[in-house]
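Please look over the sequence and the 3D structure below.

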Amino acid sequence: MKEYLRYLPPVHELQKTAQFQETVNKYQINSETVTQIVQESINEIRAQLLAETWEGTTPSKEAFVQEIQHKLEQKAAKITTYYLQKVINATGTVLHTNLGRARLSEEAIKRVVEIAGSYSNLEYQVEEGTRGSRHDIIEGLLKKVTGAEAAMVVNNNAAAVYLVLRALAKEKEVIVSRGQLVEIGGSFRVSSIMEESGAKLVEVGTTNKTHLFDYEQAINENTAMLMKVHTSNFKTIGFTKSVSTEELIELQMKHSDVLFYEDLGSGVLFDYQSHQIGDEPVVAQVVRQGVDIISFSGDKLLGGPQAGIIVGKKELIQKLKKHQLARVLRVDKMTLAALEATLMSYVRGGEGLLEIPTIRDIIVSEYQIKERAMKFINQMVQNPNYTCTLQKDVSQVGGGTMPDVLIPTYTVSLVHHKKNAEELATVLRAGEPSVISRINKETVILDFRTISEVEISEVVHACFQL
Ligand SMILES: *Cc1c(COP(=O)(O)O)cnc(C)c1O
């Protein structure tokens, strides 16, 4: 096919075409970029001709020009489309790790927008007119909602674990139960973080059973801390034994220079238990027990932005704040703005807590979910291609939290008369916004727990593509 290379149009000729200018105008991109795309498209066709893989019509100048214009349109559309986009979570999993975990409250969003678009007192004391610390923004609120003596925030909980171990246990031993050395979704392993931090992991007990004496026997003059790790999305059942926080604290009391650190994982500030959901203790309860240092995520059950929150004894938090790593792992003003607003909802309490989407979606009544599902079904009747069936079902909390908790919900099983479940799910994902469903027994399932009122018609719209 080499003989056709001479029909390839030169870039400068294509630059003169109406299509070239149209692309510049339509996608609001500069002509240098469009030139680049044209050149790239010519190169691709050249490579195809050389490799004898050209599959278009008989090679001719017109065919090449047409192909280049086609590629130009596609590439221009692609580079001017945001990769990161909103999706509708129809899986019912409230903290879906692949879908960005917690969504922020309206108030948190408002605060992020305001603080991001202006200068702020991020590290400035307005009254005194002197330098301030970004730690101060959140510390007061965190102390209030957890009852801890001191608090700080880093990038995420993995960073919190790393900082605590590095700053307080480097080159010393940290005792952890083998039953808690699990891998948590998204490749977080305590053992690996520990290794990176320079602290030495001392494993005690077995996968299913760890006794107090296992810890007791492992303590020596090199021990820096006892660490308890929430097993998150993993639960051992049956012949098991773990040592409670109370027992560990009693043991620690006998060893004045050994610290007790608990990685709570999710970190609950709202009493889900009182709504008969799970058995997670609230952070304040763990603080009251006397744990020295506690860390947890900001974007799991707390319902805020991605962050790692560390609360505990004042002198220890002071040490962490002063550590060079705290500077490396610090959060930005948008995170602080969102976290401050989220924590403020907790301080206000009451109805205000329902402003936090994570809490609202977990405790929403079955009745309300059913209403949303019915609304969807009623709009779908107009489309004869589908059969929708309302059914009682269960949703999961997700995000590595409460793995054994199944919350009653209502779902709609969606059957298209000419497409199978995989094909239908693909079409839904192609919606604008994209709708992410789950498939169960060859049927597409839409869980209305995580679909908000305004999104119902958008899901209908996605279905109407077929
Ligand atoms: C989720 C989790 C982490 C990691 O938290 P990120 O905020 O995702 O970094 C660490 N430890 C436990 C026990 C967790 O559940």
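Domain bounds come from an automatic or database domain assignment. For this protein chain, the assignment gives domain 1 (2–79), domain 2 (87–96 + 362–464) and domain 3 (106–355). The model is predicted: local features need pLDDT of at least 70, side-chain atom pairs count only at pLDDT 80 or more, and totals for chains, interfaces and linings use all residues. Residues are numbered from 1 along each chain as its sequence is written, and side-chain values use heavy atoms, with hydrogens and water left out.

**The whole chain**

The C-alpha trace of the protein chain spans about 85 × 50 × 50 Å along its principal axes. Between the C-alpha centres of domain 1 and domain 2 there are 42 Å. The chain holds 18 helices and 17 strands; these are DSSP runs numbered from the N terminus, with helices being H or I of at least four residues and strands being E of at least two.

A residue is called buried under 20% relative accessible area, exposed over 50%, and partly exposed in between (1.4 Å probe, protein chains only). Of the 466 residues in the protein chain, 48% are buried. A contact means heavy atoms within 4.5 Å. Among contacts in the protein chain with a separation of 6 or more, 75% join residues 24 or more positions apart.

**The cores**

A nonpolar core is a set of buried Ala, Val, Leu, Ile, Met, Phe, Trp, Tyr and Cys residues joined through side-chain atoms within 4.5 Å. The largest such core has 56 residues, and Leu226, Tyr272, Val311 and Tyr346 have the most contacts inside it. Domain 2 (87–96 + 362–464) and domain 3 (106–355) both give residues to this core, so it lies between them. Apart from this core lies another one, of 34 residues, among them Val161, Met227, Ile293 and Leu320. Leucine 226 touches, not counting residues up to four places away in sequence, a set of residues including Ile175, Tyr215, Leu248 and Phe260.

**The ligand**

Which residues surround the ligand? Among them are Arg101, Asn156, Asn157, His230, Asp263 and Gly265; a residue counts as near if one of its heavy atoms lies within 4 Å of the molecule.

| Residue and its atom | Ligand atom | Distance |
|---|---|---|
| Alanine 158, polar backbone atom | oxygen atom | 2.9 Å |
| Serine 297, polar side-chain atom | oxygen atom | 2.6 Å |
| Lysine 300, side-chain N or O atom | oxygen atom | 2.8 Å |

Taken alone, the ligand exposes 380 Å², and the protein buries 94% of that. Accessible areas come from the Shrake-Rupley method with a 1.4 Å probe; for residues, only the protein chains shown count as cover. The elements giving two or more residues to the shell around the ligand are α7 (157–169) and β10 (259–265).

**Two serines**

Is serine 266 buried or exposed? Serine 266 is buried, with a relative accessible area of 4%. Serine 266 lies in the loop between β10 and α11 (283–288). The side chain of serine 266 reaches the backbone nitrogen of leucine 301 at 3.0 Å. Serine 266 also touches residues including Ser297 and Lys300.

Serine 191 is in helix α8 (residues 190–197) and is partly exposed, with a relative accessible area of 30%.

How values were computed
Polar contact = N/O pair within 3.5 Å; in protein donor to acceptor, adjacent residues only side chain to side chain.
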